[in-house]
Amino acid sequence: MKQTISVLVENRAGVLNRITGLFSRRAFNIESLAVGPTDDPTISRITIIVDNGNNMVEQVEKQLNKLIEVIKVRTLEEHHHISRELMILKVTANAKTRQDIVTICSIYGAKIADISPTSMTVEVSDTPDRLDTFQEMMRPFSILEVVRTGVIALQKGSGKI
Amino acid sequence: MKIRATQAIMECLLEQEVDTIFGYPGGTILNLYDELYHYSEKITHVLTAHEQGAAHAADGYARATGKVGVCFATSGPGATNLTTGIATAYLDSSPVVFITCNVGENLLGKDSFQEVDSTGIAMPITKAAFLVRDAQQIPDIMRQAFAVAANGRPGPVLIDFLKNVTAPDQMIDYEFIPWRENRSCASMRSLNASHQLKNTNINQQDVDTLREMIAEAKRPLLICGGGVVRSRAHNEFRTFAEKMDAPVAITVMGGGGFPGAHPLTSGMIGMHGSRASNVAVDECDLLIAVGCRFSDRVALDPATFAKQAKIVQIDIDRAEIDKNVLTDHHIIGSARRVLEMLNEGLPQYDHTEWKQHILPLRAPSVAADSAHLNPQQIMETIRLNTPEDTIVATDVGQHQMWAIKHLHFNYPGQLLTSGGFGTMGFGLGAAIGAQVGNPGKRVIHIAGDGCFRMNCHELCTVQHYNLPIISVVFNNGTLGMVRQWQNLIYGSRFSQTTLDRGPDFVKLAEAYGLHGYRATCLQEVEDCIRQALACGTGAVIDCVLDMDEMVRPMVAAGSPITKFLLD
């Protein structure tokens with residue numbers, strides 16, 4: 001089962017290394033990881049998605065708690081958090097296919113970020129699942145390049161970690 | 001007040017009441033050593049032969065005295081030579097602050113001479129690793145480092161100063177704050193808030209639940225782990241065991257946490273555990289493990305471990321709960337404080353029948369044959385001829401198991417051994433640290449010939465500082481424990497384990513200006529020990545043993561705990 005771990009850490013050199021080191025030591029694969037500053041510039045939030053057994057996630061959460069650079073750790077409950085990922089996708093496009101691509105983009109709320117005689121670059125922000133389906137819809141047009149940011153997430157409601 | 005950055009480093013050591021440092025100088029740490037020169041009346045520096053020896057010595061000092069050990073080394077090879085020592089301290093939760101210096105900011109990351117990413121290397125083997133790039137941060141980081149090393153589950157911390165930070169013209173604001181007060185200063189408050197460095201409150205309800213479980217138990221077993229030793233909870237543990245009237249199994253790291261000759265001791269537990277302890281694990285209905293992480297050398301097969309029992313774990317580190325063995329109940333807190341709470345009003349139990357079933361299984365068989373030197377007899381001879389409070393430092397392998405099984409340890413810090421990391425060559429360094437920290441006590445170093453060869457250059461440190469350490473080398477001309485596995489599991493194919501080579505350890509001791517002795521029979525062992533005790537310098541006793549001696553009993557890795565491969 002995929003799980004989302006949200007970690008608040010001190011914003012300084014080497015912290016990310018220390019955290020990912022905890023995963024690699026246990027041969028855990030990190031499915032996605034996103035880091036960015038919070039409202040407080042001395043604190044960063046790391047969102048980690050892992051697909052491992054419950055026991056392993058619990059163990060990693062405990063180990064993360066021991067690091068002095070880590071301020072708070074929380075495994076976000078399924079269905080009780082908002083998660084988003086940004087994707088930028090470049091697809092082959094010509095006069096014949098352009099309109100079809102625009103139609104699919106409007107269904108998914110994707111924006112056209114760039115256009116050339118032979119290609120279109122679109123950006124879309126959504127849940128990872130919906131990004132996957134969007135990518136599938138684009139595939140028949142021949143995808144040239146894709147980049148995804150990794151998931152960021154916050155829990156629902158007024159609660160915070 | 002403005003003082004030199006290096007002066008602030010020394011003052012911060014004094015804040016922590018540090019009076020002894022182990023280390024080895026070099027290019028990038030010159031500024032620190034130059035400052036140390038001015039502080040030589042307040043801080044004693046012990047110069048070893050090699051950084052690894054300094055690391056083990058600081059670790060041994062910490063284990064034997066209960067204080068935080070301190071070790072200095074230079075950048076590059078100095079720092080990498082420390083790593084085995086740092087990992088050894090980490091696996092056995094020993095509080096040591098390692099201080100290294102790195103190249104200056106202008107040379108950082110340019111593959112400069114003697115440059116290595118020390119904090120990166122130390123990351124997985126320290127509780128915290130600090131890189132200091134700004135001299136003004138020195139007081140905060142020094143205070144945090146000591147707090148992190150000593151609090152909660154203890155362990156090593158690395159501070160790496162860039163050389164420019166230690167430059168003589170670096171002046172910083174500094175105010176001396178004794179450690180009892182500086183743990184509440186501003187930089188600590190954020191650390192405390194996020195890490196509860198102060199003792200966590202122990203949940204009274206958890207303690208009450210355990211009392212109920214104790215009241216229902218018919219066949220309780222206690223495990224004395226390293227946490228009892230680290231929190232110096234031996235008195236509390238003893239009271240608890242006596243009130244419980246339950247057998248006590250002792251782990252390798254728990255040696256010294258409960259008296260070795262106490263009538264309730266069932267002996268060592270695990271791979272080379274006594275039949276009494278291992279059978280007790282299998283048959284008990286309540287297992288209370290205090291400061292024990294159920295390593296793979298204790299809970300060899302987690303699935304069948306204590307299968308009839310309710311398992312209770314008392315540990316200061318939440319991450320240890322349910323890590324290796326799933327428990328039925330746990331209490332988070334330091335062993336000492338949890339036991340204090342438990343002992344309060346705990347009734348006196350009587351488990352005579354269960355004890356009579358388990359404890360007689362303990363008696364080890366000692367061979368009576370005296371013409372042929374055997375390890376149990378050497379240990380008995382050492383025990384009978386040395387003071388009762390003798391500190392024993394061991395290396396790793398057969399001699400380590402024999403020492404732990406046959407010598408008696410009665411207080412924390414009496415046994416110094418590399419349990420978690422299994423570091424060959426640990427013993428002599430640790431013995432040096434222990435002797436420096438306990439000048440009034442006798443320190444014996446027990447080694448195998450393989451281990452002794454790894455760090456015997458530290459004999460020069462023994463000689464120079466006039467430390468009366470006696471190294472007893474169990475010389476069987478082989479890597480005994482590996483040979484034992486080859487004998488039992490690898491069809492007697494002795495691949496690269498025969499050590500039929502020099503040096504002559506007696507001559508080696510003499511070359512270092514120490515006394516050397518050789519014993520080939522039991523009487524000679526006794527004579528050599530008596531002479532070594534009286535000789536006034538460090539000494540090496542070379543005990544010549546048969547290479548096929550085995551550590552008994554033995555359970556193979558991963559097997560159920562009572563499935564003995566050897567009786």
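The model is a predicted one: local features need pLDDT of at least 70 and side-chain atom pairs count only at pLDDT 80 or more, whereas totals for chains, interfaces and linings use all residues. Residues are numbered from 1 along each chain as its sequence is written, and chains are lettered from A and ligands numbered from 1 in the order in which they are written.

Start with the overall build. Chain B has 22 helices and 22 strands; helices (H or I, at least four residues) and strands (E, at least two) are DSSP runs, numbered from the N terminus. The C-alpha trace of chain B spans about 70 × 60 × 40 Å along its principal axes. A compact globule of 567 residues would have a radius of gyration near 24 Å, and chain B, at 24 Å, agrees with that (the radius is taken over C-alpha atoms, and the globule rule is 2.2 Å times the number of residues to the power 0.38). Some 54% of the 567 residues of chain B count as buried, that is, with 20 or more other C-beta atoms within 10 Å of their own, C-beta atoms being placed from the backbone. Of the contacts in chain B between residues at least 6 apart in sequence, 77% join residues at least 24 apart, a contact being two residues whose C-beta atoms, placed from the backbone, lie within 7 Å.

Next come the sheets. One is an open sheet of six strands in chain B, in the order β3-β2-β4-β5-β7-β6 and with parallel pairing; strands pair if DSSP finds at least two bridges between them. At its edges stand β3 (44-47) and β6 (128-132) of chain B, each with a single partner strand, so one side of each has no neighbour in the sheet. Neighbouring strands of this sheet are turned by 20° against each other on average, direction ignored. Within it, β5 (residues 96-102) and β7 (residues 157-162) of chain B pair in the parallel sense over six bridges, with C101(B) opposite F161(B) in β7(B).

Another open sheet of six strands in chain B runs β11-β10-β9-β12-β13-β14, again with parallel pairing. Its edge strands, β11 (265-268) and β14 (329-332) of chain B, each pair on one side only, and the twist averages 15° from one strand to the next. Helix α12 (residues 275-283) of chain B packs on this sheet, touching β9 (220-224), β10, β11 and β12 (286-290) of chain B, and its direction makes about 105° with that of β11(B); axes are lines fitted to C-alpha atoms, for helices over the stretch in contact, and angles run from 0 to 180 degrees between N-to-C directions.

As for the other helices, α15 (residues 375-385) and α22 (residues 522-534) of chain B pack at an angle of about 35°, with their axes 10 Å apart. Residues meeting there include I378(B) and I382(B) from α15(B) and V525(B) and I529(B) from α22(B). Helix α16 (residues 398-406) of chain B has eight of its nine residues buried, so it is largely enclosed by the rest of the structure; W402(B) is among them.

Finally, the contact between the chains takes 13 residues from chain B and 11 residues from chain A. On the chain B side, α5 (118-122), β6 and α8 (186-195) each supply at least two residues, and α8(B) gives the largest share, three residues.

Note on methods: A residue is buried if 20 or more other C-beta atoms lie within 10 Å of its own, exposed if 12 or fewer, and partly exposed in between; C-beta atoms are placed from the backbone.
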